[in-house]
Amino acid sequence: ANGLGQMAIVRRKRGEYKEALRLQDRCHKLFQKNGMHQHIATSLANKGIIYQEDGDIRSATKCYEKAIMGFQDINDSQGTAKTLHQLGKIAAESGETNQALKLYRKSLRIKRRNHDRLGIATTLGQIGKLHLKEGDSRKAIRYCRRSLRMKIERSEERRVGKECRSRWSPY
C-alpha cells in the first residue's frame with residue numbers, strides 16, 4: 001500500500017491527477033481493509049492534496065474534513081495541524097480571509113503545542129501572505145519576518161548538526 005501511495009505522489013507531481021487519484025484510492029482501500037487508521041487518515045489527506053491541485057476544491061475539502069476526523073480519532077495532532085493548514089490555504093485561495101485566519105490559527109496552536117518549529121514557520125508565512133493580499137503590509141511583514149527567522153534558525157541548527165556529525169564521526 002505504501003508503494004501505491006508513493007506512486008500516487010509521483011503521478012501528482014507530474015500533473016497526472018486521475019492516475020494519482022486511482023492509485024491513492026487503491027492505497028486507501030488497502031489501509032481500510034487492514035484497519036491501519038493512521039494511514040487511512042493520511043491517505044485521505046493525500047487525496048485532498050490531489051483534488052486541490054487539480055482544482056476540485058469541494059472534493060479536496062471533503063477529504064480534508066474526513067482526514068481531520070480520522071487524525072483526531074487516533075490523537076494525531078500533527079496530522080490534524082497539517083490538514084487544518086491545507087483547509088486554510090483553500091479558504092485563503094477562495095477569498096475567505098476570516099475563515100483562512102481561523103484555520104491557520106487553529107493549526108498554529110497545535111503546532112506550537114507540538115513544538116513543530118518548521119510547521120509554525122510555514123503557517124506564519126501563510127498568515128503573512130494573507131495579510132499582504134488583504135493590503136495590511138505591516139502585519140504581513142511582521143508574520144513573514146517571524147517565519148523567516150524560524151526557518152533560518154532551523155537551517156542553522158541542521159547545518160551545525162551536520163558539521164558536528166561529520167567532524168566527530170569516526171567514519
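**Whole chain**

I looked up the surface and found that the protein chain exposes about 10,900 Å², of which carbon and sulfur atoms supply 50%; accessible areas come from the Shrake-Rupley method with a 1.4 Å probe. I noted that this is a predicted model, in which local features need pLDDT of at least 70 and side-chain atom pairs count only at pLDDT 80 or more, while totals for chains, interfaces and linings use all residues. Residues are numbered from 1 along each chain as its sequence is written, and side-chain values use heavy atoms, with hydrogens and water left out.

I then read that 39% of the 171 residues in the protein chain are buried (under 20% relative accessible area, 1.4 Å probe, protein chains only). The chain has eight helices and zero strands, where helices are DSSP runs of H or I with at least four residues and strands are runs of E with at least two, numbered from the N terminus.

**Helices α3 and α4**

I asked myself at what angle α3 and α4 pack. Helix α3 (residues 37–53) and helix α4 (residues 57–73) pack at about 160°, with their axes 8 Å apart; axes are lines fitted to C-alpha atoms over the stretch in contact, and angles run from 0 to 180 degrees between N-to-C directions. That angle makes α3 roughly antiparallel to α4 (over 145 degrees).

I listed the residues that make the contact (heavy atoms within 4.5 Å), including A41, L44 and I49 of α3 and A60, C63 and F71 of α4.

How values were computed:
Parallel < 35°, antiparallel > 145°, perpendicular 65-115°, else oblique. Buried < 20%, exposed > 50% of the residue type's maximum accessible area, 1.4 Å probe, protein only.
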